[in-house]
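Thanks for coming. Please have a look at the structure on the screen, and then I will go through some parts of it.

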Amino acid sequence: MASVNPTSATTSPGAAAVDGARRVDGFVVATALAGLALLGALIWLEAPIDRLWLLLIGAGLGVALYHAAFGFTAGWRNLVTKRRSGGMRAQMLLLGIATVLIVPVLGFAGELGLAGISGTLAPVGTSLVVGSFLFGFGMQLGGGCGSGTLFTVGAGNVRMVITLAAFIAGSVLGTMHLPWWLDQPGFDPVNLVTGLGVVPAVALQLAVLAALAWWFARIERRHHGAVDRVILRRPENGWAATLFKGSWPLLWGAVALAVLNLATLVVAGYPWGITFAFGLWGAKILQAVGVDMAHWEFWTWDYPSLALKDSLLVNIVSVMDFGLLLGAMLAAGMAGRFNRASRRRLSAGPVASAVLGGLAMGYGARLGFGCNIGAMFSGIASASLHGWIWFACAFAGSLLGIRLRPRMGLEN
Amino acid sequence: MTQRRDYSRWRVLAVLFGLLVLILADHINSATFALNSGQGGVETSYSQLDESACAPCGAPCPSRREGDG
C-alpha cells in the first residue's frame with residue numbers, strides 16, 4: 001500500500017486542527033458518488049446483482065484504505081529504517097482478525113450453508129518465491145502495493161498513475177511467462193485447515209502473528225525506549241469528523257478491511273483480490289490493438305480465457321477495483337485532499353522508480369499469485385501456506401527495494 | 001478560509017469519462033452483452049470459481065502440469 005500517507009504524514013496537534021477545519025471538496029465527492037451511481041446502474045442493468053454489492057464493498061475498502069492510510073509498504077519500511085513497528089503490528093492485527101473471521105467460515109462452510117465458497121489457495125514453489133520477492137522489491141520503488149497503488153490513484157496521485165500503468169504492463173508480461181515458471185519445482189497448495197483442523201489452524205496462526213507483533217514491538221522498544229501506541233490512539237478530531245474526514249486509528253482500518261474481506265468471501269465466493277484485473281486490462285488493450293492472446297497459454301486457461309471474452313462489468317476483481325478507486329476518490333474529497341500528493345513536480349528519479357517498481361510488482365504479482373491483498377492478506381486469512389511464504393519472500397525483496405530507494409531520489 | 005484547488009475539474013471529468021467509454025466499449029463487445037441481447041449459445045464468466053484451478057488466477061496445479069508433461 002501507499003508509502004506516502006495520503007492524508008499527510010503530519011500528525012502534530014497543529015496539523016490535526018488544520019485537518020479538522022479542512023472543508024469537504026463538494027465537486028470530488030459529487031463526482032465520485034455520480035461515478036458509483038452510474039457504474040452501479042450499468043451493473044444492475046447488465047450484470048448479476050452480486051456485482052453491485054461487490055462494487056459497494058470495493059468502495060468501502062477504498063474509503064477504509066484512504067482514511068486509515070493503512071500502509072503495508074510504509075509499515076515495512078518504517079520497521080527497517082526507523083525501527084518503528086506500529087504499521088507492522090497493525091498488519092499482524094489485521095491478519096489476526098481476518099484469521100478469526102474467515103478461517104472458521106471456510107472450515108464450516110457446508111454447515112453455514114455457504115457450500116460454494118472457497119479460500120485463496122495457491123501452489124508453493126519457485127514461481128511463488130521469485131514472484132513475491134520481486135513484488136516486495138517493486139512495492140518499495142513503486143510507492144505502494146496493489147491496493148495502495150489503486151487507492152492513491154483514486155485520490156488523484158499522478159505518480160501512482162505511472163506506477164499503475166507499469167503495473168499493468170508488468171502483469172501482462174507475467175501472464176506470458178507464468179506457465180514456464182509453473183513448470184519449475186513446486187507443489188500443490190497446502191491448506192493448514194485440511195492438515196490441522198479449523199481450531200488448531202486458527203490457534204497456530206494467531207500464535208505466530210502474536211509472536212511476530214511482540215518481536216516487532218521489542219525492536220521498537222530497544223531503539224526508542226517505548227512503543228508508540230498508534231494502533232489504539234484516539235481520534236484527534238472527534239469520532240464523527242474522523243469517520244467521515246479521515247485520519248482513522250489503525251484499529252478502525254484493520255477491523256474495516258477484515259470485515260469487508262469476509263463480506264467479499266460471502267458475496268463473491270472467494271476472498272478479496274486485486275491484481276488479476278491488471279493483467280486482464282492489459283490483455284484487453286493488447287487484444288484491442290490486434291494481438292492474438294489465444295497464443296499465450298495463460299489466456300487459454302478456463303478462468304482467464306472466459307474473463308478475456310467477457311465484460312469487465314461481470315469480472316469480480318475488476319468491479320471491486322473500480323469500486324476501490326471511486327471509494328478512495330470519495331474519501332479524498334471528504335478529507336479535502338484530492339490530488340494533494342501531486343503538488344510537487346515529478347523529477348526523473350521518482351518517475352523511473354515508479355516505472356521500475358510497477359513493472360516488478362506486476363510481473364511479481366502474476367508469478368506470486370497476487371499482491372499483499374490477494375496473496376498475503378487473503379492467503380493467510382484462508383490458512384494457506386503460500387500466504388506465509390509470500391510474506392517472508394516479499395519482505396526480503398522489500399529490504400533490497402529500501403536500499404535502492406535513495407539512489408532513485410526517494411526518501412526513506 | 002479559502003482553499004487552493006490542486007486539480008483541474010475538467011481534467012478529472014475527462015479522465016473519468018474516458019474510462020467510462022472504455023468500459024462501455026469493452027462491454028458492448030462482450031459475451032454478457034451478447035447474451036443480454038438475446039444471442040444463444042454464449043458462454044459467460046458469471047460463475048468464476050474454476051474448481052480445477054489451483055490459484056485465484058486460474059493457474060493449474062503443478063501436479064497436473066507434471067502429469068500433462
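Which element of chain B has the lowest mean pLDDT, and which has the highest? This is a predicted model, so confidence comes before anything else. Among the elements of chain B, the lowest mean pLDDT, 72, belongs to helix 3 of chain B, residues 62-68. The highest, 96, belongs to helix 1 of chain B, residues 9-28. Over chain B, pLDDT averages 83, and 81% of the residues score at least 70. Where pLDDT is low, the predicted coordinates should not be read in detail. The scores for the model are ipTM 0.90 and pTM 0.92.

Next, the contact of the two chains. Chain A puts in 50 residues and chain B 34 residues. On the side of chain A that touches chain B, the elements giving two or more residues are helix 2 (26-46), helix 8 (158-182), strand 2 (186-187), helix 13 (276-288) and helix 14 (302-309) of chain A. Helix 14 of chain A gives the largest share, six residues. Sorted by class, that side of chain A has 23 nonpolar, 17 polar and ten charged residues.

Now to a pair of helices within chain A. How far apart are the axes of helix 3 and helix 15 of chain A, and at what angle do these helices pack? The axes of helix 3 (residues 50-68) and helix 15 (residues 316-335) of chain A are 6 Å apart, and the angle is about 45 degrees. Angles under 35 degrees would count as roughly parallel, and 65 to 115 as roughly perpendicular. Helix 3 and helix 15 of chain A are therefore oblique to each other. Their crossing is right-handed. By class, the contact of helix 3 with helix 15 of chain A has 20 nonpolar, six polar and two charged residues.

One residue to look at on its own is Ala32(A), which is in helix 2 of chain A. Is Ala32(A) buried or exposed? Ala32(A) counts as buried, because it has 28 C-beta neighbours inside 10 Å. Setting aside neighbours within four places in sequence, Ala32(A) is in contact with Leu326(A), Met329(A), Leu330(A) and Gly333(A). Val230(A) is 198 residues from Ala32(A) along the chain, and the C-alpha atoms of the two are separated by 30 Å.

Then there is helix 17 of chain A. Ten of its ten residues are buried, so helix 17 of chain A is largely enclosed by the rest of the structure. Among the buried residues of this helix are Asn372(A), Met376(A), Phe377(A) and Ile380(A).

Ala383(A) sits in the loop between helix 17 (372-381) and helix 18 (385-404) of chain A. With 28 C-beta neighbours inside 10 Å, Ala383(A) counts as buried.

A positive phi also turns up at Asn339(A), about 65 degrees, although Asn339(A) is not a glycine. Asn339(A) lies in the loop between helix 15 and helix 16 (348-367) of chain A. Asn339(A) has 20 C-beta neighbours inside 10 Å and therefore counts as buried. The cut-off for a buried residue is 20 or more.

That is the end of my part.

Conventions
Residues are numbered from 1 along each chain as its sequence is written. Chains are lettered from A and ligands numbered from 1 in the order in which they are written. This is a predicted model: local features need pLDDT of at least 70, side-chain atom pairs count only at pLDDT 80 or more; totals for chains, interfaces and linings use all residues. pLDDT is the predictor's confidence in each residue, from 0 to 100. Helices (H or I, at least four residues) and strands (E, at least two) are DSSP runs, numbered from the N terminus. Two residues are in contact if their C-beta atoms, placed from the backbone, lie within 7 Å. Ala, Val, Leu, Ile, Met, Phe, Trp, Tyr, Cys and Pro count as nonpolar, Asp, Glu, Lys and Arg as charged, and the others, Gly among them, as polar. Axes are lines fitted to C-alpha atoms, for helices over the stretch in contact, and angles run from 0 to 180 degrees between N-to-C directions. Angles under 35 degrees count as roughly parallel, over 145 as roughly antiparallel, 65 to 115 as roughly perpendicular and the rest as oblique. A crossing is left-handed if the near helix is turned anticlockwise from the far one by less than a right angle, and right-handed if clockwise. A residue is buried if 20 or more other C-beta atoms lie within 10 Å of its own, exposed if 12 or fewer, and partly exposed in between; C-beta atoms are placed from the backbone.
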